[in-house]
Amino acid sequence: MPTLRTVGTPALTMIAIFSVAVNLLMLTGPLYMLQVYERVLTSRSEATLVALSILAAALFVAMAVLDHLRARIALRLGARLQSALDRHVATATASRITQPETDIRDMARAIDAIRALPAAPVFLALFDLPWTPVLILAIGVFHPMLGAVALAGALLLVGLDQLQRLAIAAPRAEMSTASRAAEDADATLRDQIATARLFGMADATASRWRGARAAALDRIVVLSDRAGAFTTGARTLRLGLQSAMLGAAAFLVIHDELTAGAMFVSALMLGRALAPLEQAIAGGPVIRAARDARHSLAALIGPADTPPRAARDPLTARPPLVIRHLCVAPPGATRPILRHIDLTVPAGAALGVIGLSGAGKTALAGTIAGALDPFDGTLRLGDGDLTALPPDTRAALIGYLPQMPCLLPGSIAENIVRFDPSASVAEASATARAAGADAMIRSLPDGYATRCDGVLPAGLVQRIALTRALHRRAPLLVLDDPTAALDDPGLAAFGHAVRQAKAGGAAVVIMAHRALALRDCETVVVLSEGRVIDHGPRDAVLRRRAGPEAQPSRAAAPS
């Protein structure tokens, strides 16, 4: 997984170099004060004061420029890291390296937390932190007692940081849980408010949303209060330590063991030495959030460099589709939903799959298309193992129409060609003509440029999704309940598309909820509880199964 080191080594090097220069230039103030006390006040030379002042002003300007440059570099380093992580996550998601239950919001949130670290003040404070012991040693040069005071102050701040880590661990975990619950409530309110209104549950739904957000806000306030207390404590402690340093130095001045200039300089240097520690305490939650986000992101997506399993010339694979001893169980299930399935679909033939709701039709369609992974058995297209193919290659071989099709935001033409940037509208139109949908699409006000971002009629969505499945004449078609939302012209277009695909040598598998969908099938299988209980020529099977399995209704529930 990309890290700050792998993504921005040159940038980190520049930040480190600028940090050395900035920290050296930050000694300008103490040294200027020391020279004023030791040289100007004793010599009463205006020329020396002017020269020192001009030199100090130039050094302060240089420090400001370098400090600004390293902050700009850090900000762009965070943006570059986010871009690299976005590519990594996109690759992992497309390659199905991500876990099935992974929520893209979790990954985006983790990436945002990692990106926020370089942009936070604490990031640059980490580069300043190595100067803390150097400055403490420099203070000790004035007098060992002052060095001891500075060291004790630094150790107190380190202990405060460790105490903060322990104190906010539980509230931070509670805030994370409450925030996730609030986001889920947001999604529920957005997606289900219309249904809630229909059943008179709008007030209850809104009340649950308010409750979830109130709980999240309460956790945020608790965490902010606790973290703020430590931040205030660190700032107060640093200011108090500077006063203590000044008092200790004054004691030494009284006993003629230190000059007045060194007294004020030691207090200033202590403030500079402890500033990175104070910023580390204030920015501790940002550091820990980035660290936890990196661990969670690595656990979610795994190594994106995992090579796909080898496949023998997959793009030339051709029917028949051969399924042997197929067993499938969804993640977390205790029993399989498909058991010992054996099927063969030759080139230029169509197989119909029927059965009562819950028989396993949709599971079989999803397994062939790659949505589910079998734990036993084989799926072969010709001599190629479908389960061994990378997702993109497998998708190029299979035209899949899911039971509940959806279109992605974009135009109809883009959805038909599967957002292939090299495909043209003419190619989308040619595919639509083969699917019998060209005239219907052209009759829309914007034709192929019609956006799919909003709500489209179910029949239109299904016909566009069927056209998408036929794009580039895949050798295998898997159509799950393809006629559920079709009217008579749509049914005619569907039959024409299936016959065209068969004539082109494709193998077609149709999961049917309507007997009309089986008209072009040579063979039919009947599923029951994930098993094949009947298999044979279409007419013979339908005669044997003259019941609900053979004549599923249009309104049958999804399997």
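How many cavities of 30 Å³ or more does a search of the whole structure find? The search finds 1. A cavity here is a set of points, on a 1 Å grid over the protein atoms alone, where a 1.4 Å probe fits but cannot get out. Grid points are joined across faces, edges and corners, and a volume is the space filled by probe spheres set on the points.

This is a predicted model, in which local features need pLDDT of at least 70 and side-chain atom pairs count only at pLDDT 80 or more, while totals for chains, interfaces and linings use all residues. Residues are numbered from 1 along each chain as its sequence is written, and side-chain values use heavy atoms, with hydrogens and water left out.

**The whole chain**

The C-alpha atoms fill a box of roughly 115 × 45 × 45 Å along the principal axes. The radius of gyration is 35 Å, whereas a compact globule of 559 residues would have one near 24 Å. That radius is taken over C-alpha atoms, and the globule rule is 2.2 Å times the number of residues to the power 0.38.

**The cavity**

Select Asn23, Met26, Leu27, Trp131, Leu135 and Arg272, which line the largest cavity; lining residues have an atom within 4 Å of a point. The volume of this cavity is about 40 Å³.

**The second largest pocket**

A pocket is an open set of points with protein on both sides within 12 Å along at least five of seven lines. Select Arg109, Arg172, Met175, Ser176 and Ala289, which lie nearest the centre of the second largest pocket among its 24 lining residues. Elements that give two or more residues to this lining are α5 (104–119), α8 (144–198), α9 (202–254), α10 (260–282) and α11 (284–301). Of these, α8 gives the most, with 8 residues. The space in this pocket is about 790 Å³.

**An open sheet**

A cis peptide bond joins Pro319 to Pro320, with omega about 20°.

Now colour the open sheet of 4 strands, whose order is β2-β1-β4-β5 with antiparallel pairing. Its edge strands, β2 (338–345) and β5 (384–385), each pair on one side only. Two strands pair if DSSP finds at least two bridges between them. Helix α12 (residues 361–369) packs on the sheet and touches β1 (321–328), β2 and β4, where contact means heavy atoms within 4.5 Å. The direction of α12 makes about 115° with that of β1; axes are lines fitted to C-alpha atoms, for helices over the stretch in contact, and angles run from 0 to 180 degrees between N-to-C directions.

Within strand β2, select His340. This residue has a positive phi of about 50° although it is not a glycine.

**A parallel pair and a hairpin**

Finally, select β3 (residues 350–355) and β9 (residues 523–528), which pair in the parallel sense over 5 bridges. Leu351 stands opposite Thr523 in β9. Strand β9 also pairs with β10 (residues 531–537), in the antiparallel sense over 6 bridges. In this hairpin 2 residues lie between the strands, and Glu529 takes a positive phi near 55°.
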